[in-house]
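Please read the points alongside the coordinates.

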Amino acid sequence: MAIIKVADLGILNANTPSFFTTRTSTQTIDDETSTTVQFNNVIVDTNSGYNTSTYKYTIPLAGKYYVFSTVQANSPGNTDGFERMHLKLLKNSDVLIGEAYYDQRNNPGMFSTLVIVNTHNLSANDTIYIQCFVDATNGGSNPQIQGEATPRATSSFGAYRIIGA
């Protein structure tokens with residue numbers, strides 16, 4: 001009887017390299033300014049590619065990647081000042097490869113959560129990162145990107161290489 005090891009099937013290294021990060025506290029950003037989201041809590045990083053100083057992930061191995069991010073932002077101190085939010089997935093210096101947009105200028109609220117989910121062919125040494133733009137008007141404080149110290153991640157960013165693609 002032949003013994004087959006799970007490692008011989010390639011299961012242990014499936015969908016790597018990969019990373020997953022979260023934001024553990026509130027990040028205040030300037031109103032109407034695209035700002036890099038500071039995902040400061042690394043949960044998984046199989047190839048040590050996430051930089052906690054620049055908040056960018058460097059692709060270690062070329063291939064097709066599943067990239068995802070969720071960002072929740074709000075307008076503190078103003079329940080009707082949150083008008084627009086633009087979430088951008090950028091590659092290298094400024095190449096836009098994914099985005100989500102919210103525009104509620106006719107009926108502003110207090111917060112919004114946007115999600116980006118995409119697949120991309122990425123080359124080794126490409127960098128990917130998330131920027132957020134928020135328009136909070138009507139005299140409110142500067143907008144904030146939400147973060148949680150608990151397992152409930154209101155803002156997160158990650159990716160993994162798709163095997164066989």
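1. A residue is called buried under 20% relative accessible area, exposed over 50%, and partly exposed in between. The model is predicted. In this model F20 has a relative accessible area of 26%, so F20 counts as partly exposed.

2. Eight aromatic pairs are present in the structure. One of them joins F19 and Y57, which are stacked with their centres 4.0 Å apart and an angle of 15° between the planes. F19 belongs to strand 1 (residues 18-22) and Y57 to strand 6 (residues 56-58); the pair therefore ties together parts that are 38 residues apart in sequence. Both F19 and Y57 are buried.

3. F20 and F68 also form a stacked aromatic pair, at 6.1 Å centre to centre and with 25° between the planes. Because F20 lies in strand 1 and F68 in strand 7 (residues 63-74), this pair ties together parts that are 48 residues apart in sequence.

4. One aromatic cluster is made up of F19, F39, Y50, Y57 and F157. As for charge over a ring, K56 lies over the face of Y129, at 4.4 Å from the ring centre.

5. Is H120 buried or exposed? H120 is placed in strand 10 (residues 111-122). Its relative accessibility is 14%, so H120 counts as buried. The H120 side chain reaches the backbone oxygen of I97 at 3.0 Å. Apart from neighbours within four places in sequence, H120 is in contact with G63, K64, Y65, V67, L89 and I97.

How values were computed. Residues numbered from 1 in each chain as written. Predicted model: local features only at pLDDT ≥ 70, side-chain atom pairs only at ≥ 80, totals over all residues. Heavy atoms only, no water. Phe/Tyr/Trp six-rings, centres within 6.5 Å; stacked < 30°, edge-to-face > 60°. Helix = DSSP H or I, 4+ residues; strand = E, 2+ residues; numbered from the N terminus. Buried < 20%, exposed > 50% of the residue type's maximum accessible area, 1.4 Å probe, protein only. Lys NZ or Arg CZ within 6 Å of the ring centre and 35° of its normal. Polar contact = N/O pair within 3.5 Å; in protein donor to acceptor, adjacent residues only side chain to side chain. Contact = heavy atoms within 4.5 Å.
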